[in-house]
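Open your viewer, switch to a cartoon view and follow along. We will go from the sheet to the core and then to a pair of helices.

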Amino acid sequence: MAALRTLSMVIGAAVAALGSVLFIAWSRYVPGKRKWRRTGYELEYRPLGEQDNYLDRQILVLGLDGAGKSSIIHAISTNTTKSSSAPTHGFNTAQILSQGLRIELLEVGGSQNLRTYWTQYLKKTHIMVFVVDSTDDIRLQLARHELHRLLEEAPRLPLLVLANKQDCKSALTVSDIYSELSLHRVQGLREMTLLGTSAVCDGYGSSTPLQTVRCMLEESLHNIKEVEEKSHPLPGAPCKNAL
Ligand SMILES: Nc1nc2c(ncn2[C@@H]2O[C@H](COP(=O)(O)OP(=O)(O)O)[C@@H](O)[C@H]2O)c(=O)[nH]1
Ligand SMILES: [Mg+2]
């Protein structure tokens, strides 16, 4: 009886071991990554990469605290303006969808302690938007220093500078901002655009409406995607010039 029990235990252990080996072999050698996801009460199989067809793109929005970064992100992503906004102590993000692109607008706060982290976010980003408070002439020198520090770290990153708060009487003009930020040092070395904006009185005077800024950003990202696709065509993708 004892011998029979031992035999059945040995057979049970052998079956379990064989099952484990077969499972490991199946998951290793059957091609393609697999993912199981729960939908309602059932587990549904979907290969990775087919879950959605969006390509992720990031726009990094930087600038000193109080420049208007959060207000601009809000206006661009919702097409509405806010009369006030709380200071950003860490990060602030918003997402927009544009013809196959899922664009994340990422603000990293502009206070002194957070500025030390700015450069860490440059690698993953596709465009940098640098926002300046056009009325804050006392801190423009600091803004220039921070901007050029970032540009040194990312020599090819496309740059959009927004001379914000153009609705204020005391605002410096867009050409004043161009010289105060020494943007002539950047001109010709990378894609660079400078625009006047107002996040609370959108499209005020000669400033550019933020929905136009949004369209420009979307267009730039689509252009970057096209260039990327031309230099790294997907394997098996049909060549446009093929007969
Ligand atoms: N007059 C004016 N005020 C603005 C403008 N943009 C932002 N502000 C105000 O400036 C303050 C700081 O804005 P916020 O978006 O939080 O700046 P952030 O620290 O760069 O994110 C808030 O009180 C905003 O309402 C603008 O274009 N014009
Ligand atoms: Mg903010």
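Start with the open sheet: six strands in the order 4-5-3-6-7-8, with mixed pairing. Strands here are DSSP runs of E with at least two residues, helices are runs of H or I with at least four, and both are numbered from the N terminus; two strands pair if DSSP finds at least two bridges between them. Before going further, note that this is a predicted model, in which local features need pLDDT of at least 70, side-chain atom pairs count only at pLDDT 80 or more, and totals for chains, interfaces and linings use all residues. Residues are numbered from 1 along each chain as its sequence is written, while chains are lettered from A and ligands numbered from 1 in the order in which they are written.

Which strands stand at the edges of the sheet? Select strand 4 (91–98) and strand 8 (192–196): each has a single partner strand, so one side of each is left without a neighbour in the sheet.

Next, colour strand 3 and strand 6, which run parallel and are joined by four bridges. Here you can find Leu-62 opposite Phe-130 in strand 6.

Now show the side chains of the largest nonpolar core, which has 38 residues. Such a core is a set of buried Ala, Val, Leu, Ile, Met, Phe, Trp, Tyr and Cys residues joined through C-beta atoms within 7 Å; buried means that 20 or more other C-beta atoms lie within 10 Å of the residue's own, with C-beta atoms placed from the backbone. Val-61, Ile-72, Val-129, Phe-130, Val-132 and Leu-162 touch the most other members. Strand 6 gives the largest share, six residues.

Centre on Leu-162. Beyond its neighbours within four places in sequence, Leu-162 is in contact (C-beta atoms, placed from the backbone, within 7 Å) with Ile-72, Val-129, Val-131, Val-132, Leu-195 and Thr-197.

Ile-72, Ala-75 and Ile-76 in helix 2 meet Leu-210, Val-213 and Arg-214 in helix 6. By class, this contact has five nonpolar, no polar and one charged residues.

How do these two helices pack? The angle between helix 2 and helix 6 is about 80°, and their axes are 9 Å apart. That makes helix 2 roughly perpendicular to helix 6, a label for angles of 65 to 115 degrees. The axes are lines fitted to C-alpha atoms over the stretch in contact, with angles running from 0 to 180 degrees between N-to-C directions.

Finally, zoom out to the whole chain, with its six helices and eight strands.

Definitions and conventions: Buried ≥ 20, exposed ≤ 12 C-beta atoms within 10 Å, placed from the backbone. Contact = placed C-beta atoms within 7 Å. Parallel < 35°, antiparallel > 145°, perpendicular 65-115°, else oblique. Nonpolar A, V, L, I, M, F, W, Y, C, P; charged D, E, K, R; others polar.
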